[in-house]
Amino acid sequence: MSEKVIAQRGLWLDEMEVGATYKHAPGRTITEADNTWFTAVTMNTQALHLDAAWSATEPFGERLVNSMFTLATLIGLSVSQLTQGTTVGNLGFSEVSFPAPMFHGDTLYAETTIVDKRNSKSRPGQGIVTFEHRGYNQDGKLVAKAVRQAMMFDSSHDTATTTSAAETADQTESGK
């Protein structure tokens, strides 16, 4: 039996290639419950998200998925592949657009292109990456686009984080 342990993580700054596009899987089907819950907990009382009868009289003829839920899910779909455990934090968004609506039952698929990256001038071992996230529905229609900047660790941070909390607990239990 192999002793090899492989930890799931995102990419370090020095592993990211400008111009590379990452397709994220799986997609996420958005339910009525997702939309209602997110809209309620964020105190967004927009009738387009909550009131089916009223929304039926509006241009789209039905409730729309809250665009902030679409944005959060779009970014979330990229985490395990790009930033899980390798990001210092989100710096901000320079562009967000929703060229088409999402509806209950639609599935969001995501891809991300690395637009730019640079080493930090003030934080050794870290750098700024610009991501362009794009979300498509099940018909391939662009429904969301976001350009964001994040502070990322480079691979020198790996040596500082090689022991996870689970590994520490296992070692404590086994007396290592």
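Hi everyone. A word on ground rules: this is a predicted model, where local features need pLDDT of at least 70, side-chain atom pairs count only at pLDDT 80 or more, and totals for chains, interfaces and linings use all residues. Residues are numbered from 1 along each chain as its sequence is written, and side-chain values use heavy atoms, with hydrogens and water left out.

Let's start with the whole chain. Its secondary structure comes to 5 helices and 5 strands; helices here are DSSP runs of H or I with at least four residues, strands are runs of E with at least two, and both are numbered from the N terminus. Reading from the N terminus, the order is β-α-α-α-α-β-β-β-β-α. Of the 176 residues, 38% count as buried, meaning under 20% relative accessible area with a 1.4 Å probe, protein chains only.

Now the sheet. The 5 strands form an open, antiparallel sheet in the order β1-β3-β4-β5-β2, where two strands pair if DSSP finds at least two bridges between them. At the edges sit β1 and β2, each pairing on one side only. From one strand to the next, the twist averages 25°. Between β3 and β4 there are 10 bridges, and Glu111 has Arg134 in β4 as its bridge partner.

What lies across this sheet? Helix α4 does: it lies across β1, β2, β3, β4 and β5, running at about 125° to β1. Those angles run from 0 to 180 degrees between N-to-C directions, using axes fitted to C-alpha atoms, for helices over the stretch in contact.

Helix α4 covers residues 67-82 and reaches 23 Å from first C-alpha to last, close to the 22 Å expected at 1.5 Å a residue; the expected span is 1.5 Å times one less than the number of residues. Its buried residues include Phe69, Leu74, Ile75 and Leu82. Among the elements covering the buried residues of α4 are α1 and β3. At the N-terminal end, Asn66 caps the helix, with a side-chain oxygen 2.9 Å from the backbone nitrogen of Met68.

Finally, please find Thr86, in the loop between α4 and β2. Is Thr86 buried or exposed? Thr86 is buried, because its relative accessible area is 0%. Not counting residues up to four places away in sequence, Thr86 touches Arg9, Gly10, Leu11, Trp12, Met152 and Phe153, where contact means heavy atoms within 4.5 Å.

Note on methods: Buried < 20%, exposed > 50% of the residue type's maximum accessible area, 1.4 Å probe, protein only. Polar contact = N/O pair within 3.5 Å; in protein donor to acceptor, adjacent residues only side chain to side chain.
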